[in-house]
Amino acid sequence: MAVYIEHLFKAYEERDGEMQYVLNDVNLTIETGEFICVLGKSGCGKSTLLNVIAGYLKPDKGSIRLNEDEIHGPSAERGVVFQQHALFPWRTVSQNVQFGLNMRGVPDAKEIAQKYIDMVGLTGYENKYPSGLSGGMAQCVGIARALANDPKMLLMDEPLGALDALTRDSMRRELERIWQITKKTILFITHSVPEAVYLADRVIVLQKGKVSLDQRIDLPRPRDITNPKFNDYVRQFESEITGVAADSVITE
């Protein structure tokens with residue numbers, strides 16, 4: 001699913017008679033199957049952008065099209081995964097993953113759910129409740145639940161942000177593996193610059209509601225974090241976000 005964002009504006013408040021735009025004339029194209037990471041300081045508009053694409057918020061001006069269809073609200077075509085997994089504590093892993101399928105009356109919901117439980121590496125945990133899962137495992141259930149509805153696009157708002165460092169590292173590798181299997185279009189919000197360089201085909205930096213940098217990552221997968229070019233990208237993005245000159249920069 002390709003995404004076309006054109007002259008997108010979104011404001012939350014008015015100050016001194018002028019609208020204060022969180023998104024201020026954002027223009028962006030995401031190609032089918034791309035893994036896009038979005039970086040930027042808190043308040044730069046990252047989560048707002050995701051919520052507008054998800055259909056949870058309406059833009060004030062501009063348009064977002066998925067292929068040729070303009071967004072008018074939430075849709076099963078766009079699966080959303082948040083930082084907190086938001087699993088139903090009274091439902092088992094299998095029941096949580098089946099939830100959207102059951103709501104839509106999809107036949108063979110249990111078999112479909114099992115496919116994605118296996119994909120995220122939770123075979124054998126089908127009858128466990130969320131209280132019996134680690135943070136990483138619970139987030140995997142959230143990803144499986146989103147994938148079970150077979151969305152054309154995954155929107156992920158800091159899905160690894162609440163995990164400890166070791167779990168987060170293993171989850172990055174797991175997420176990359178799942179993406180390579182499913183070939184879904186992914187928009188991934190993160191505060192971690194190395195995480196963005198590790199995962200993304202392209203990194204988008206937002207500054208004051210505008211796209212200040214749109215950089216393709218020219219590194220083979222799986223990414224080697226000791227590669228000097230990996231660290232060059234990290235310094236480039238940190239410099240863009242903080243405004244502090246990097247020791248070295250990437251040239252196309």
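Biologist: How many bridges pair β6 with strand β7?

Modeller: This is a predicted model, where local features need pLDDT of at least 70, side-chain atom pairs count only at pLDDT 80 or more, and totals for chains, interfaces and linings use all residues. Residues are numbered from 1 along each chain as its sequence is written, and side-chain values use heavy atoms, without hydrogens and water. Two strands pair if DSSP finds at least two bridges between them; strands (E, at least two residues) and helices (H or I, at least four) are DSSP runs, numbered from the N terminus. β6 runs in the parallel sense to β7 (residues 153-157), and the pairing has four bridges.

Biologist: Which residue of β7 is the bridge partner of Val81?

Modeller: Val81 and Gly79 point one way from β6, while Arg78 and Val80 point the other way. All of these are buried, meaning under 20% relative accessible area, with exposed being over 50% and partly exposed in between (1.4 Å probe, protein chains only). Across in β7, the bridge partner of Val81 is Met156.

Biologist: Which strands stand at the edges of the open sheet?

Modeller: Six strands form this sheet, in the order β6-β7-β8-β3-β9-β10, with mixed pairing. Two strands have a single partner strand each, so one side of each is left without a neighbour in the sheet: they are β6 (78-81) and β10.

Biologist: Which residue in the turn between β9 and β10 has a positive phi?

Modeller: Strand β9 (residues 202-207) and strand β10 (residues 210-216) run antiparallel and are joined by six bridges. Arg202 has Arg216 as its bridge partner, and Val203 stands opposite Gln215. The two strands form a hairpin with two residues between them, and the residue with a phi of about 50° is Lys208.

Biologist: At what angle does α7 run to β10?

Modeller: Contact means heavy atoms within 4.5 Å. Helix α7 lies across β3 (35-39), β9 and β10, and its angle to β10 is about 175°.

Biologist: What kind of aromatic pair do Tyr233 and Phe237 form?

Modeller: Rings of Phe, Tyr and Trp (its six-membered ring) pair if their centres lie within 6.5 Å; planes under 30 degrees apart are stacked, over 60 edge-to-face, and the rest tilted. Tyr233 and Phe237 are four residues apart in helix α7 (residues 228-242), about one helical turn. Tyr233 is buried at 1% relative accessible area, and Phe237 is buried at 0%. With centres 6.2 Å apart and 15° between the planes, the pair is stacked.

Biologist: Why is the pair of Phe9 and Tyr21 called edge-to-face?

Modeller: By the ring rule, there are seven aromatic pairs. Phe9 in strand β1 (residues 3-15) and Tyr21 in strand β2 (residues 18-30) are 12 residues apart; Phe9 is buried at 14%, whereas Tyr21 is partly exposed at 29%. The pair is edge-to-face because the ring centres are 5.3 Å apart and the planes stand at 70°.

Biologist: Which residue has its charged end over the ring of Phe9?

Modeller: A charge sits over a ring if NZ of Lys or CZ of Arg is within 6 Å of the ring centre and within 35 degrees of the ring normal. One case is Arg91, over the face of Phe88 at 5.5 Å from the ring centre. Over Phe9, at 4.4 Å from the ring centre, sits the charged end of Lys61.

Biologist: How many disulfides does the structure hold?

Modeller: A disulfide is a pair of cysteine sulfur atoms within 2.5 Å. Buried Cys37, at 0% relative accessibility, has its closest cysteine sulfur 13 Å away in Cys44, too far for a bond. Buried Cys140, at 6%, has its closest one 17 Å away in Cys37, also too far. The number of disulfides is zero.

Biologist: How far apart are the C-alpha atoms of Glu70 and Tyr4?

Modeller: Glu70 lies in strand β5 (residues 69-70) and is partly exposed at 41%. Leaving aside residues up to four places away in sequence, Glu70 touches Gly62, Ser63, Ile64 and Arg65. Glu70 and Tyr4 are 66 residues apart along the chain, and their C-alpha atoms are separated by 9.2 Å.

How values were computed. Axes fitted to C-alpha atoms, helices over the stretch in contact; angles between N-to-C directions.
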